[in-house]
Amino acid sequence: MAGKRLRDEFDQDSDQTGDKRMRRPSLPTVIREAMMMKAFQNFLVALEPLLRRVVREEVEQGLIHSPRLLERPPQMQIGGVEPSIWKLVFRRELGLPIFTGSKIEDEDGNRLQILLVNSEQLPPTTLPPSIKLELLVLDGDFMSDGREDWTGEEFRRNIVKERTGKRPLLYGDVNVTMRDGMVTISELQFTDNSSWIRSRNFRIGARIVPGSYDGPSVKEAMTKPFMVKDHRGELYKKHYPPRLSDEVWRLKKIRKDGPFHKRLEANNIKTVQDFLKLLEVDLNSLREILGQGMSEKMWKITVNHAKTCNLDNKIYVHCGPYCVIYIDSICRIVGIMFGDRQYKMQDLDLQSKNIVQQLIQEAYQQWNTLQEVDAMPNPISLIQNEPIIQNGSGSQQWYPSNQEGSDMDYRLDGFD
């Protein structure tokens with residue numbers, strides 16, 4: 001027992017002696033090592049994007065020639081989201097609203113297009129010759145949690161099929177072939193509304209036809225969620241943008257057969273063109289016709305919607321005794337001729353502006369008798385008859401408002 005005690009005491013003394021010999025690092029040493037570690041981390045952060053780009057380009061090139069290099073044996077597959085080198089995208093969002101039986105277009109009114117892009121939203125450097133795609137209907141609640149990545153299995157589980165006894169939900173170019181990284185969808189329609197599913201919204205998805213492709217992983221495309229309404233609702237829908245020939249109730253805040261619609265029709269304002277003409281010629285009269293039932297907020301919404309109308313290129317001419325005016329399809333001035341000179345409205349003096357305003361009113365009242373012309377003519381004499389204004393000596397004449405031969409506007413002698 002005495003021997004064991006002596007051995008334990010010896011071991012304890014040895015440990016204490018070793019602790020005394022251990023030296024703590026100095027503060028400058030610690031700071032220097034920390035700074036070196038920070039500099040190394042900054043270097044790695046700066047180097048990472050370059051390495052990623054180089055690796056991605058090399059992998060894309062390699063997969064084009066040997067796509068099976070990255071394939072895993074079935075027993076090695078995992079259930080997580082695998083990164084996709086390429087992805088499908090819709091070039092533009094869908095134009096809304098969407099009705100059953102109506103052609104689906106993008107927000108610009110053009111045919112839908114699907115593109116193949118890389119992770120930087122750019123066309124891949126090397127494109128496959130062709131890819132077979134299929135368009136599908138997805139539940140509007142799919143990916144509503146804000147995630148941007150999904151697995152192929154999740155995509156498949158959210159495909160919506162037609163109701164029993166109904167036709168396929170999508171009709172038209174549901175199977176297409178992509179070439180050179182792009183495909184255009186010429187015809188696509190819904191055959192049923194979206195009110196019967198819980199979310200009441202659909203999405204349109206696009207994916208590679210299973211089993212038709214042997215290349216790098218490609219992520220599916222998907223639109224934003226939207227509602228599909230029955231075609232009968234299209235009979236009352238507003239147009240974006242409205243057309244000149246549209247009935248006036250196609251404008252926002254003017255309900256078909258509603259009070260505003262009836263007031264406008266009672267004053268012979270039946271189309272969007274009629275609305276815009278009176279808005280240009282006599283805004284106050286138009287506002288009075290609609291009455292106090294249309295608030296200022298509603299008025300602004302209606303007017304702003306009307307102003308988005310796509311105008312045609314038609315030009316009309318109306319001749320007065322003193323000048324000739326050229327107007328567009330909504331009574332806006334596009335040209336003014338006094339004698340053989342052409343002017344802009346802002347270049348005229350008050351007296352001449354009053355003459356032009358009077359002619360605009362006449363043109364509005366006599367719209368159906370106006371003559372349509374191809375374009376504004378060159379500045380030549382357009383007035384066929386002499387002015388009828390008599391000056392003090394009984395003669396009729398034009399004279400410039402400034403000195404002879406100047407570029408100033410013309411006035412009419414004897415006109416009050």
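## Salt bridges

The structure holds 13 salt bridges, a salt bridge being a side-chain nitrogen of Lys or Arg within 4 Å of a carboxyl oxygen of Asp or Glu. The model is a predicted one, in which local features need pLDDT of at least 70 and side-chain atom pairs count only at pLDDT 80 or more, while totals for chains, interfaces and linings use all residues. Residues are numbered from 1 along each chain as its sequence is written, and side-chain values use heavy atoms, with hydrogens and water left out. Side chains of opposite charge can pair when their charged atoms come close.

One of the salt bridges joins Lys219 to Asp149, with the closest N and O atoms 3.1 Å apart. This pair links distant parts of the chain, 70 residues apart: Lys219 lies in strand E10 (residues 218-219), and Asp149 in the loop between strand E4 (130-139) and helix H3 (152-157). Helices (H or I, at least four residues) and strands (E, at least two) are DSSP runs, numbered from the N terminus. Lys219 is buried, with a relative accessible area of 15%, whereas Asp149 is partly exposed at 45%. Here buried means under 20% relative accessible area, exposed means over 50%, and partly exposed lies in between (1.4 Å probe, protein chains only).

A salt bridge is also formed by the side chains of Arg163 and Asp192, at 2.9 Å from N to O. These two residues likewise link distant parts of the chain, 29 residues apart: Arg163 is in the loop between H3 and strand E5 (170-172), and Asp192 in the loop between strand E8 (188-190) and strand E9 (202-208). Arg163 is partly exposed, with 30% relative accessibility, and Asp192 is buried, with 5%.

## Arg287 and its surroundings

Arg287 is part of helix H6 (residues 283-290). Its side chain meets that of Glu296 in a salt bridge of 3.2 Å, N to O. The two side chains are also recorded as making a polar contact at 3.2 Å; such a contact is a pair of N or O atoms within 3.5 Å, where within protein one must be able to donate a hydrogen and the other to accept it, and residues adjacent in sequence count only if both atoms are side-chain atoms. Arg287 is buried at 16% relative accessibility, and Glu296 is partly exposed at 48%. Elsewhere, salt bridges that share partners join Asp145, Arg147 and Glu154 into one network.

Apart from its neighbours within four places in sequence, Arg287 is in contact (heavy atoms within 4.5 Å) with Met294, Ser295, Glu296 and Trp299.

## An enclosed helix

Helix H5 (residues 272-281) is largely enclosed by the rest of the structure, because nine of its ten residues are buried. Among the buried residues are Val272, Phe275, Leu276 and Val281, together with the charged residues Asp274 and Lys277. The cover over the buried residues of H5 includes H6, helix H7 (296-306) and helix H8 (350-365).

## A nonpolar surface patch

Leu27, Val30, Ile31 and Met35 form a nonpolar patch on the surface, with about 410 Å² of accessible area together. Patches are made of residues with over 30% relative accessible area and no salt bridge; like charges are joined within 9 Å, and nonpolar side chains (Val, Leu, Ile, Met, Phe, Trp, Tyr) within 5 Å. Accessible areas come from the Shrake-Rupley method with a 1.4 Å probe, and for residues only the protein chains shown count as cover. Met35 lies in helix H2 (residues 27-65) and is exposed, with a relative accessible area of 56%.

## Backbone features

Most residues other than glycine have a negative phi, and most peptide bonds are trans. A cis peptide bond joins Leu96 and Pro97, with omega about 0°; Pro97 is in the loop between strand E1 (86-90) and strand E2 (98-99). The bond from Tyr240 to Pro241 is also cis, with omega near -5°, and Pro241 is in the loop between strand E12 (228-229) and helix H4 (259-266).

Lys253, in the loop between E12 and H4, has a positive phi near 70° and is partly exposed at 42% relative accessibility. Asn268, in the loop between H4 and H5, has a positive phi of about 65° and is exposed at 54%.

## Confidence

The mean pLDDT of the chain is 80, and 77% of its residues reach 70 or more; pLDDT is the predictor's confidence in each residue, from 0 to 100. pLDDT stays under 50 over residues 67-80, for which the model has 13 contacts beyond four places in sequence. Over residues 380-416 pLDDT also stays under 50, and the model has 75 such contacts there.
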